[in-house]
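Please look over the sequence and the structure below before reading on.

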Amino acid sequence: MRAFVLVPLLKSAEQQARREGFSTRSPESRLEEAVGLAAAISLNVVGSAVVPLAKPRPATLLGEGKVDELKGQLAELRVELVVVDGPLGPGQQRNLERAWKVKVLDRTGLILEIFGERARTREGTLQVELAHLNYQKSRLVRSWTHLERQRGGFGFLGGPGETQIEADRRMIQERITKIERQLETVKRTRQLHRKTRRDAPYPVVALVGYTNAGKSTLFNRLTEAGVFAENLLFATLDPTMRGLMLPSGRKIILSDTVGFISDLPTHLVAAFRATLEEVLEAEVILHVRDAAHEETEIQKRDVEDVLASLGVTKESAEENEQYVVDVLNKIDLLEGEAHDAAVNLSAREPLTVAVSALTGEGTQELLALIDRLIVDEERHVHFDLPSNEGEAIAWLHANAHVRKREDGEDGIVHLDIGLTPLVAGRFEKRFPDLSRRLGEAAAHAAE
């Protein structure tokens, strides 16, 4: 489909942001991202433009003169779809379609289309459909003329009955209710999976970041998982988890989540909340950033805004003993001083590491950092067990970090273990008769 990408630039919003001390995206960067979004669903972008606006017009967003000017340009280019990189009201969308005689899609609608194409799992499909329906429900006013007709009432004395638009709205609401019930079932299943992972001794490490920052490439580099990764916005949508062995021999679960983007539609944040809440369970959050992007700091702020909407802030992370690590990715695209600056920053800042997911540079340092952060929770405990407690000893070898083992001639097995509160709790549930002995060993180690 031949598409034209339009980026309305509101001067008043830009000036307000600058007064409040926020850096704003350059028009060129916004246009590049919008074209990238269109390319993500294989649209043939035949033209694009940035349109400065003093103030948005209620009827068409753009002024009449600009609408007429673009009409001729769109006809000349034989455009079938105009993508407006911003929010459009239902009336604005309808009026622009009438004026230009083409289909018009705003930013939210475009992102929903991308997500609809990318969803693969049952949960992802339901979440996207829910977001679509909530979006459509408020836009029935712009649908075709059949929505203005009325159905007859029941019986001889019935009135005109409900309008077609009311019937469609009711049908959409019924479908929304059905999907929400299905997602509740999925949510309960996901919570059970989380509980299972909490019972397991493996810490969860979650990858988050702006779309196309290289999360999936890094995920593949660390786990050799073969997850789809392309130079596309929202190349992957459904979350993926894999086990990963750290240099110390500890095992973790690495979770790759959906990419974030500026002005992420609220419908999507709400629909994908259950999926994104995986981040809340993580003991370490790796914020993957495109260090080579000129607006990497602005992208960082956008990601932090979405995390804050989920309840993950710097303060909450400290309270929950979560670590948030800045992963400066794509340093292979940096040259000279820029490359050295990224590497030096990672050397100075304890929770920053510079990597290239493509070449592997810095990934060993990243794994070592994760190792150190997880080790911080461990206590070095000396634990003596009779050799006939073979099941408990085998369990500790499988679930705890056994640093040293000595089998004494007196039938006592001497274990030096790295013990986390999680593993200690599981041991107490599994071996209640031995839990007191382990507690005493841990208390002695604390002294």
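A polar contact is a pair of N or O atoms within 3.5 Å, where within protein one must be able to donate a hydrogen and the other to accept it, and residues adjacent in sequence count only if both atoms are side-chain atoms. The side chain of Thr223 makes such a contact with the backbone oxygen of Phe219, at 2.7 Å. This is a predicted model, in which local features need pLDDT of at least 70 and side-chain atom pairs count only at pLDDT 80 or more, while totals for chains, interfaces and linings use all residues. Residues are numbered from 1 along each chain as its sequence is written, and side-chain values use heavy atoms, with hydrogens and water left out.

Thr223 belongs to helix H8 (residues 215-223), helices being DSSP runs of H or I with at least four residues and strands runs of E with at least two, numbered from the N terminus. Thr223 counts as buried because its relative accessibility is 16%, the cut-off being under 20% relative accessible area with a 1.4 Å probe and protein chains only, against over 50% for exposed and in between for partly exposed.

| Helix | Residues | Contacting residues |
|---|---|---|
| H3 | 64-76 | Val67, Leu70, Lys71, Leu74 |
| H4 | 90-100 | Leu96, Ala99, Trp100 |

Contact means heavy atoms within 4.5 Å. The axes of H3 and H4, lines fitted to C-alpha atoms over the stretch in contact, with angles running from 0 to 180 degrees between N-to-C directions, lie 9 Å apart at an angle of about 55°.
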